[in-house]
Amino acid sequence: KVLVGDTNIAAGLAQGRAALIGTGSRLTAQRTIILLTDGVPTSGSTNLATIAANYRAEGIVTHVITFGGQAASGTNQTRMQNTAASGYGQYYHAPNSTTLNSVFRQIAEGLPAVYID
């Protein structure tokens, strides 16, 4: 069975933002969004670089990881590279699970640890 549906990447980013700065968020948390996507926004805003730049003004860094054939090259990849750059994050393409694991590890190792007594 083929699944066909819309991907509202902007709405996903908004939910990430709400978790990081909304009610119940931790003041000591590193404000980092990791967007894992095929790079194809099929509904909602497609101006993702502007959204990431606005979030950066709130102290949120946006990293982007793309996967799948549609994200391997072309305008989808360029859009996601621009989104990461605007959010002061890094862009990665993960063609397989081994690369994806490596990328997650690399991002995690770059996050500061905070000790709370």
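This passage walks through the fold of one predicted chain, from the overall layout down to a few single residues.

The model is predicted, so local features need pLDDT of at least 70 and side-chain atom pairs count only at pLDDT 80 or more, while totals for chains, interfaces and linings use all residues. Residues are numbered from 1 along each chain as its sequence is written, and side-chain values use heavy atoms, with hydrogens and water left out.

To start with the big picture, the chain has four helices and three strands. Here helices (H or I, at least four residues) and strands (E, at least two) are DSSP runs, numbered from the N terminus. Going along the sequence, they come in the pattern α-β-α-β-α-β-α. Of the 117 residues in the chain, 30% are buried; buried means under 20% relative accessible area, exposed over 50%, and partly exposed in between (1.4 Å probe, protein chains only). The chain exposes about 7,100 Å², and carbon and sulfur atoms supply 51% of that area. Such areas come from the Shrake-Rupley method with a 1.4 Å probe, and for residues only the protein chains shown count as cover. As for contacts (heavy atoms within 4.5 Å), take those between residues at least 6 apart in sequence: 76% of them join residues at least 24 apart.

Next comes strand β2 (residues 61-66). Six of its six residues are buried, so β2 is largely enclosed by the rest of the structure. In a regular strand the side chains alternate between the two faces of the sheet. Both faces of β2 are covered, with Val 61, His 63 and Ile 65 buried on one side and Thr 62, Val 64 and Thr 66 buried on the other. What about the neighbours of β2? Strand β1 (residues 32-37) runs parallel to β2 and is joined to it by six bridges; two strands pair if DSSP finds at least two bridges between them. Within this pairing, Ile 33 has Thr 62 as its bridge partner, and Ile 34 stands opposite His 63. To get from β1 to β2, the chain passes through helix α2 (residues 48-56), and this β-α-β crossover is right-handed. That label applies if, with the strands pointing away from the viewer, the path from the first strand over the helix to the second runs clockwise. Strand β3 (residues 88-93) is also parallel to β2, with four bridges between them, and Tyr 92 in β3 is the bridge partner of Ile 65.

Thr 37 lies in β1 and, at 4% relative accessibility, counts as buried. Beyond its neighbours within four places in sequence, Thr 37 is in contact with Ile 9, Val 64, Ile 65, Thr 66, Phe 67 and Met 80. Gly 68 sits in the loop between β2 and α3 (74-86) and is partly exposed, at 35% relative accessible area. The C-alpha atom of Gly 68 is 8.7 Å from that of Gly 39, although the two residues are 29 residues apart along the chain.

Tyr 88, in β3, is exposed, with a relative accessible area of 57%. Most residues other than glycine have a negative phi. Tyr 88 is not a glycine, yet has a positive phi of about 55°.

Finally, helix α4 (residues 97-109) has 13 residues and reaches 18 Å from its first C-alpha to its last, close to the 18 Å expected at 1.5 Å a residue. The expected span is 1.5 Å times one less than the number of residues.
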